[in-house]
Every structure is written in C-alpha cells, then in structure tokens.
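Hi everyone, thanks for coming. Let's look at one structure together, going residue by residue. Have the sequence and the model ready on your screens.

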Amino acid sequence: IIVTEDNTSNDPRLCRMSSMSKMCRKRMSTCSRLQSKKRSAVSVTMRTAFRTLVIVGVFFVCTGPTFITALVFWISPGSVTVPTVVSRIMHWMVFLNSALNPLVYGLMDQDIRRLYSKVLCCLFSLKRTSQTQSS
C-alpha cells in the first residue's frame, strides 16, 4: 500500500471502504432528518389534539349546565324548578362560550397570537397618537 501526501491510498479496497463510509454517513444523516420530521409531525399532532381538547372542554363547561337542565326538563317536566338567577347564569354561560372562543384560539395558536399582538400594538399606538394630538 502506498500512502501519498494527502493520506489517500492507492489500494482499491480502502477506496471502497472510504466511499462506503461516506454512503453510511449520508444514510445516517437522511435517517436523522426523517426522525426529526417524524418527531415534529408527532409534536404538531399533539398540539392539535391538546387544542381540540381545550376547545371542547370549554364548550362543555359553558353549555353543559344548560343542556343537562333541558334534558331533565324533557325527561320529567315539572319535577325540578330552577331559580331565575340560576337560569340566567346558565344562559350567560352559553354566551360566554362564544366570547371565550377567540381567546382560547388566540392562546393556543401562535399565528393568531402574533396577529393579536399586531392589532393591539396598532390600537395602543393610535390611542397614544390621539392623546398627544389632543394635548
């Protein structure tokens, strides 16, 4: 075996081994990229599942009492009386669900969070501008 100055060999077996190690490194790099993509896909799936769980949970918490009361009245009408205050609170909870949806989506989605921050920054900068002009 003759070794040249740049530490390469003229032996064809060593050249094949070197090219095989390059192929192996290339394959390992490809495998690690695929594993990273799989991990990120799992992460996206988990975030989506968590977001859905939170949205459905908020919905059931806000509308559940109204639906349960309606079901009880449907099964046995007149057996249970709900005070007017409780009835109004349950109705307002249903309305509250609609009010909470933009907040929940805003907290759960990074793109919507960025949009909210831009809108709030614009609103506050406009408010400051109008205050300084009126002074």
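Which residues is Thr-69 in contact with, leaving aside its neighbours within four places in sequence? They are Val-82 and Met-90, where contact means heavy atoms within 4.5 Å. A word on where this comes from: this is a predicted model, in which local features need pLDDT of at least 70, side-chain atom pairs count only at pLDDT 80 or more, and totals for chains, interfaces and linings use all residues. Residues are numbered from 1 along each chain as its sequence is written, and side-chain values use heavy atoms, with hydrogens and water left out.

Back to Thr-69, which sits in helix α1, residues 12–75. Helices here are DSSP runs (H or I, at least four residues), numbered from the N terminus. Thr-69 is buried, with a relative accessible area of 16%. Buried means under 20% relative accessible area, exposed over 50%, and partly exposed in between, using a 1.4 Å probe and protein chains only.

Now the rings. How many aromatic pairs does the structure hold? There are two. Rings of Phe, Tyr and Trp (its six-membered ring) pair if their centres lie within 6.5 Å; planes under 30 degrees apart count as stacked, over 60 as edge-to-face, and the rest as tilted.

Take Phe-59 and Phe-60: their ring centres are 5.6 Å apart and the planes meet at 65°, so this pair is edge-to-face. Phe-59 is partly exposed at 34% relative accessibility, while Phe-60 is exposed at 53%.

Then come Trp-92 and Phe-95, with centres 5.4 Å apart and planes at 80°, so that pair is edge-to-face. Both lie in helix α2 (residues 84–108), three residues apart, about one turn of the helix. Trp-92 is exposed, with a relative accessible area of 59%.

Methods. Helix = DSSP H or I, 4+ residues; strand = E, 2+ residues; numbered from the N terminus.
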